Amino acid sequence: MSAYRERVHRRGAARATVLQTVGRRERRSHLTAPRVPTVGIDIGGTKVMAGVVDADGNILEKLRTETPDKSKSPKVVEDTIVELVLDLSERHDVHAVGIGAAGWVDADRSRVLFAPHLSWRDEPLRDKLAERLLVPVMVDNDANTAAWAEWRFGAGRGADDLVMITLGTGIGGAILQDGQVKRGRYGVAGEFGHMQVVPGGHRCPCGNRGCWEQYSSGNALVREARELAAADSPVAQAIIDRVGGNVSEITGPLITELAREGDAMCVELFQDIGQWLGVGIANLAAALDPSCFVIGGGVSAADDLLIGPARDAFRRTLTGRGYRPEARIVKAELGPEAGMVGAADLARLIARRFRRTNRRRVERYERAGLGTRLVPRGREDAR
């Protein structure tokens with residue numbers, strides 16, 4: 001048996017305690033959270049990334065594996081998470097685990113209500129993992145955890161109110177106001193990608209038509225390039241030649257590469273999705289009035305090819321333009337690790353409360369004159 005497993009079994013059920021409510025007052029709480037290492041997990045449709053993160057947002061060690069096929073049972077993905085955490089725990093003293101999941105998470109941050117790329121449907125992920133890992137577990141939407149990381153350690157530092165927009169296969173989002181992630185009454189706020197911007201427009205996998213992510217996302221970028229290539233358009237000859245006529249091999253990274261090389265069609269495609277991005281940001285500014293928009297996700301790797309047109313469209317369509325302060329639009333700094341880092345940092349808040357709960361329990365025994373004889377094993381070190 002590994003040293004980690006021996007330690008877990010020795011401490012017993014004491015480490016299995018999981019607070020039902022993480023707490024709704026995140027503002028400033030990160031300043032008093034214990035400076036202990038925690039594990040962050042970022043779960044997507046293609047990969048599971050796990051890392052040990054310290055209190056300053058530094059990644060001490062990172063592991064990555066492919067996401068098990070979505071047709072398999074949820075337990076297969078949970079097994080993968082447990083294996084990664086146990087592996088990291090062999091070399092690090094892990095105090096809590098944070099999960100950033102690509103899906104809808106309930107307001108209590110305990111259940112994944114729906115994950116489009118995994119077989120999770122109302123899945124009690126937090127409790128299942130806590131029972132197996134015997135440490136506190138926190139579950140949140142991956143865009144929320146990424147926004148938290150950028151506010152704490154990245155491009156959003158110093159912003160009182162920020163909105164995170166993640167551009168990947170679709171569009172994810174998160175709202176952070178006065179140091180607190182705004183999750184909404186049911187936990188599913190920030191699904192900006194499914195705002196309808198074109199009535200009767202392109203069909204979206206969510207079931208509606210004309211959603212924002214159908215016009216400004218990785219899918220939109222690739223769809224437009226493939227349509228031009230399939231039509232044998234003269235403007236698409238460079239990309240047709242690059243894939244040897246196999247249109248299905250056209251990908252977002254390839255379009256980005258050609259755009260950086262100056263290919264006119266690829267540059268124009270980024271201008272198109274950038275303009276749609278700017279229009280959507282202007283709408284969000286009218287509704288939320290943040291001081292900063294942070295643009296992350298894989299598509300943001302195009303830098304000013306995307307963000308430049310977005311800024312231009314934002315200024316053209318912002319309500320009250322010329323008579324109001326304009327929010328900054330910046331690229332995320334933490335890259336693909338943002339969700340993992342944010343999940344680990346949010347989990348540190350649970351580690352704080354977990355340790356205080358144990359300490360108070362010890363104090364109650366001592367005040368009753370029972371000393372520590374009746375304190376369950378594993379609790380003595382919590383004082």
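Searching the whole structure turns up 23 salt bridges, where a salt bridge is a side-chain nitrogen of Lys or Arg within 4 Å of a carboxyl oxygen of Asp or Glu. This is a predicted model, where local features need pLDDT of at least 70, side-chain atom pairs count only at pLDDT 80 or more, and totals for chains, interfaces and linings use all residues. Residues are numbered from 1 along each chain as its sequence is written, and side-chain values use heavy atoms, leaving out hydrogens and water.

**View A. Asp345 pairs up with Arg152 in a salt bridge.** Their closest N and O atoms sit 2.8 Å apart. Asp345 belongs to helix α11 (residues 338–367) and Arg152 to helix α5 (residues 142–153), so the pair ties together parts 193 residues apart in sequence. Helices here are DSSP runs (H or I, at least four residues), as are strands (E, at least two), numbered from the N terminus. Both Asp345 and Arg152 are buried; buried means under 20% relative accessible area, exposed over 50%, and partly exposed in between (1.4 Å probe, protein chains only).

**View B. Glu261 meets Arg242 in a salt bridge.** The N to O distance is 3.2 Å. Glu261 is in the loop between α8 and α9, while Arg242 is in helix α7, so this pair ties together parts 19 residues apart in sequence. Glu261 is exposed, at 51% relative accessible area, and Arg242 is partly exposed, at 40%.

**View C. Here are the buried residues of helix α8 (residues 252–260).** They are Gly252, Leu254, Ile255, Thr256, Leu258 and Ala259. After α8 comes Gly262, with a positive phi near 100 degrees.
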